[in-house]
Amino acid sequence: MLERLQKFLARAGVASRRDCKEIIASGKVRVNGQIVTETGAKIDPEIDKVTIGKRTIRQPKLVYYAMNKPKGYITSMEDPRGRRTVRDLLPDIDNHVKPAGRLDYNTEGLLIFTNDGELIDHLTHPRYGVWKTYWIESRGVVTEKAAERLRRGVMLDGRKTSPAKVVIIGHDAQKNKTQLTVEIHEGRKHQVREMMRIVGAPVLTLRRIKVGPISLGKLKVGETRLLGKVEVDRLKRAAGLLD
Ligand code: URA
């Protein structure tokens, strides 16, 4: 697949995209031995040899992980306040991965990590509309009427939430708790907790069980696994990056 030279260099960690543009314009970059100064130039990273001086620029290996984030961890690679972060749960092998989106400190469940910046953009930007599914245990009874309000959208910070898919699983009369799933494709701050609060059904437990086509499955709390090629392609397709 053809890619802009500037983007390829930035992804390989040479410099920011803007600085790469200048590096190209200054005539330092060669493609298959020929100097290229056109910033719009495209290359095939699988075939073309890109060099800067004696250095051959290689594409970093793209990796994709699924993590079952526990409660009590922040979705950040470091925390100045010394709280536990999701980085503590990642294997050491690749420190360049980042989480695609965030889960609250007290939310558990599926988080995707990757060093593929384009996929992160597509998974997190509401424009691409990737559905995320949450399993919820809520205090009290969640009525069909409340579920219908969630489905139609509720006013949150002066703006209506997009239509949600809501399934009430059941109510435990003894514990006075309701279990349900809510599926949304926006990513507003504390969105599910806020939506539930607005319909009078505060969240007790919030667990993300699906991102696009990827399910949490049997992944244990605190564990991370590599996604396979088929899963990555399905995820990219859901995010509008593959036909
Ligand atoms: N909605 C929330 O309220 N919290 C999360 O962590 C994710 C979605």
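In this predicted model, a polar backbone atom of Gln-191 lies 3.3 Å from an oxygen atom of the ligand, a polar contact being a pair of N or O atoms within 3.5 Å.

| Residue (backbone N or O atom) | Distance to an oxygen atom of the ligand |
|---|---|
| Gln-191 | 3.3 Å |

Taken alone, the ligand exposes 240 Å², of which the protein buries 95%, with accessible areas coming from the Shrake-Rupley method and a 1.4 Å probe. The surrounding residues, each with a heavy atom within 4 Å of the ligand, are Leu-103, Asp-104, Thr-107, Tyr-134, His-190, Gln-191, Val-192, Arg-193 and Leu-206. By class, this shell holds four nonpolar, three polar and two charged residues. Helix α5 (residues 191–198) supplies the largest share of the shell, three residues, where a helix is a DSSP run (H or I) of at least four residues.

The automatic or database assignment divides the protein chain into domain 1 (3–57), domain 2 (64–127 + 214–238) and domain 3 (131–211). Domain 2 and domain 3 each contribute at least three residues to the shell around the ligand, while the C-alpha centres of domain 1 and domain 3 are 47 Å apart.

Residues are numbered from 1 along each chain as its sequence is written, and side-chain values use heavy atoms, leaving out hydrogens and water. As the model is predicted, local features need pLDDT of at least 70 and side-chain atom pairs count only at pLDDT 80 or more, whereas totals for chains, interfaces and linings use all residues.

Definitions and conventions:
Polar contact = N/O pair within 3.5 Å; in protein donor to acceptor, adjacent residues only side chain to side chain. Helix = DSSP H or I, 4+ residues; strand = E, 2+ residues; numbered from the N terminus. Nonpolar A, V, L, I, M, F, W, Y, C, P; charged D, E, K, R; others polar.
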